[in-house]
Amino acid sequence: LMVVSSSDTNLMFLLDHYSSLSPYFRLAGGPDFDTARIDVVRKDTAAVLLDARGVAIPETHACLKPYDVARIAGEISYPCIYKPVVKDYGQTFYATHGGLKAVECRDADELVERLDEELARGFELVVQEKVSFASMEEEIPFYLYADQNHRIRMAATGIKEKIQPPPFGTATILRFAWHEELLPLAQAVVEALSWRGILMIEFIRDLNDGRWKVIEVNARPWLCIDFYRRCGLNFLEMLHRDWRGELPAGTDLIRPDEAVLESSPVHISLPAAAIPDLDRLPQPIRIEDVVSWIRRIEGCRSLTFLDPKDPRPGRAELGSLAARYGLPADELIARVEENLGGR
């Protein structure tokens with residue numbers, strides 16, 4: 001079997017028990033889908049691999065034990081951020097930091113205090129120089145599929161138009177995009193990691209020197225992967241074909257269609273994207289308030305497909321939004337669906 005992890009937590013479970021479970025399944029990443037690529041999943045070892053091959057990354061240090069703290073505090077550039085090396089099963093770092101994926105520190109005293117606390121809680125961390133960037137057009141996730149020769153065969157990018165919670169949370173409004181200039185940089189990352197399969201690379205253009213730098217990589221399918229399928233790029237199908245030995249040889253690249261890009265598809269993760277704005281409106285919230293919020297987002301609007309029994313995406317999320325604000329779910333769904341797919 002080929003197992004496709006849909007979250008970091010179940011990916012970590014598979015990796016933690018790989019030696020006993022590996023006779024029964026395969027994972028993407030290795031040359032024959034038969035290797036536990038924990039070296040790529042861990043942010044500390046992935047940074048070592050990238051740096052060794054000359055890929056531009058921010059200054060990065062592993063903070064695994066208390067004796068690492070003083071050295072890192074004296075060497076790192078400020079401001080800096082820290083984040084967990086890997087996710088745990090309870091997503092504990094997110095839960096104890098208000099949903100943030102990383103925490104910023106402005107100086108050595110703050111960093112030492114926080115790192116001591118985090119290590120005492122049992123976290124292993126990476127500490128990274130904070131990369132400043134000018135706009136959302138310069139913080140770009142690059143989504144790709146790489147074949148057994150480590151050549152990118154399918155690729156697209158995204159623009160994070162809203163992040164919850166800011167500034168180090170999850171993108172809740174993501175626009176389908178293509179950044180051609182990042183393709184050779186992404187190819188260098190794939191080769192540095194000797195990667196085969198689905199991969200996401202987080203690029204940021206450093207405001208200080210103008211260079212694109214790799215903040216991190218994600219070695220599993222992303223949450224909005226079905227949105228990319230609806231935009232014409234079926235990464236999971238390519239994985240399936242590759243696993244079955246049905247991927248044609250060559251280096252042809254499947255990239256976003258120009259007509260699709262022109263329609264400007266945008267993925268909206270309800271209710272997370274809307275709740276902070278709707279909660280600030282006069283209460284009680286009306287259906288028209290939700291519709292007006294969605295109308296403000298330009299492009300071909302799309303919601304998340306959560307229920308495989310549902311022929312249309314977004315209904316599960318709209319049901320949650322209706323329950324939160326005491327709205328009739330069927331009427332809310334009908335009104336919102338009238339405003340999806342348009343510009």
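Author: Let us begin with S302, which lies in strand β11, residues 300-303; helices (H or I, at least four residues) and strands (E, at least two) are DSSP runs, numbered from the N terminus. The model is a predicted one, in which local features need pLDDT of at least 70 and side-chain atom pairs count only at pLDDT 80 or more, while totals for chains, interfaces and linings use all residues. Residues are numbered from 1 along each chain as its sequence is written, and side-chain values use heavy atoms, with hydrogens and water left out.

Reader: Why does S302 count as buried?

Author: Buried means under 20% relative accessible area, exposed over 50%, and partly exposed in between (1.4 Å probe, protein chains only). S302 has 12% relative accessibility and therefore counts as buried. Leaving aside neighbours within four places in sequence, S302 is in contact (heavy atoms within 4.5 Å) with F227, R230, V266, H267 and I268.

Reader: What makes S77 partly exposed?

Author: The relative accessible area of S77 is 31%, so S77 is partly exposed. S77 lies in the loop between α5 (68-75) and β2 (80-84). Not counting residues up to four places away in sequence, S77 touches E59 and E129.

Reader: With which side chain does the side chain of S77 make a polar contact?

Author: The partner is the side chain of E59, at 3.0 Å. A polar contact is a pair of N or O atoms within 3.5 Å; within protein, one must be able to donate a hydrogen and the other to accept it, and residues adjacent in sequence count only if both atoms are side-chain atoms.

Reader: How do you know that C231 is too far from C300 for a bond?

Author: A disulfide is a pair of cysteine sulfur atoms within 2.5 Å. The closest cysteine sulfur to that of C231 is in C300, 7.6 Å away, and therefore too far for a bond. C300 is likewise in no disulfide, and the count by this rule comes to 0 disulfides. C231 is buried because its relative accessible area is 8%, whereas C300, at 25%, counts as partly exposed.

Reader: Which residues of helix α8 are buried?

Author: In α8 (residues 183-193), the buried residues are L183, A186, Q187, V189, V190, A192 and L193. What covers them includes α3 (38-41), α4 (43-52), β5 (139-146), β6 (152-164), β8 (197-205) and β9 (212-218). S194 follows α8 and has a positive phi, near 50°.

Reader: What makes a space a cavity, and how many cavities of 30 Å³ or more are there?

Author: On a 1 Å grid over the protein atoms alone, a cavity is a set of points where a 1.4 Å probe fits but cannot get out; lining residues have an atom within 4 Å of a point. Grid points are joined across faces, edges and corners, and a volume is the space filled by probe spheres set on the points. The count by this rule comes to 2 cavities of 30 Å³ or more. The largest cavity holds about 180 Å³ of space, and L11, L27, A28, A219 and R220 are the closest to its centre among its 18 lining residues.

Reader: What is the volume of the second largest cavity, and which elements give two or more residues to its lining?

Author: The volume of the second largest cavity is about 110 Å³. The elements concerned are α4, β4 (125-129) and β9.

Note on methods
1 Å grid on protein atoms, 1.4 Å probe; cavity = no way out; pocket = protein on both sides within 12 Å on 5 of 7 lines; lining within 4 Å.
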